[in-house]
Amino acid sequence: QVQLVESGGGLVQAGDSLRLSCAASGRTSSTYAMGWFRQAPGKEREFVAAILWSGINTYYGDSVKGRFTISKNNAKNTVYLQMNSLKPEDTAAYYCAAKQRWLSNPRADDYEYWGQGTQVTVSS
């Protein structure tokens, strides 16, 4: 059992930056990957970024590569998503997720645990 709580969302202007945080609790030692997904109204859920348990391997969706950075702090049991050069098309609800299936594709959305989401709105 893993509990995830996101924070850091807000309303910003195009070109601004935000850092989202995901605090994990429970049986976090069994987690294989942590990921960020987003979903805008009327659109399907989209993969944003993921990081494996080691923290060495990271993955990014094409639409955010070069602008977003995923990282984690093991001491705080927290995963971060640094979002730079934000665009209006980044507007969405952002969800943190934890995957326990070993060696499962980090880009796939079959994560077992999900946070409540945090809203990011970027004005033009």
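Mentor: Let us begin with a definition: a salt bridge is a side-chain nitrogen of Lys or Arg within 4 Å of a carboxyl oxygen of Asp or Glu. The model is predicted, so local features need pLDDT of at least 70 and side-chain atom pairs count only at pLDDT 80 or more, while totals for chains, interfaces and linings use all residues. Residues are numbered from 1 along each chain as its sequence is written, and side-chain values use heavy atoms, with hydrogens and water left out.

Trainee: What makes Asp90 and Arg67 a salt bridge?

Mentor: Their closest N and O atoms are 2.8 Å apart, and the limit is 4 Å, so the pair qualifies. Asp90 lies in the loop between β8 (78–83) and β9, and Arg67 in the loop between β6 (58–60) and β7 (68–73), 23 residues apart. Strands such as these are DSSP runs of E with at least two residues, numbered from the N terminus.

Trainee: Why is Asp90 counted as buried?

Mentor: Buried means under 20% relative accessible area, exposed over 50%, and partly exposed in between (1.4 Å probe, protein chains only). Asp90 has 0% relative accessibility and therefore counts as buried. Arg67, with 12%, is buried as well.

Trainee: Which residues are linked with Asp90 in a network of salt bridges?

Mentor: The network links Arg38, Glu46, Arg67 and Asp90. Within it, Arg38 forms a salt bridge with Glu46, the closest N and O atoms being 2.8 Å apart. Arg38 is buried at 6%, whereas Glu46 is partly exposed at 29%.

Trainee: What joins the side chains of Tyr94 and Arg38?

Mentor: A polar contact of 2.9 Å joins them. The term denotes a pair of N or O atoms within 3.5 Å; within protein, one must be able to donate a hydrogen and the other to accept it, and residues adjacent in sequence count only if both atoms are side-chain atoms. A polar atom of the Tyr94 side chain also lies 2.7 Å from the backbone oxygen of Asp90. Tyr94 is in strand β9 (residues 92–99) and is buried, at 0% relative accessibility.

Key. Helices (H or I, at least four residues) and strands (E, at least two) are DSSP runs, numbered from the N terminus.
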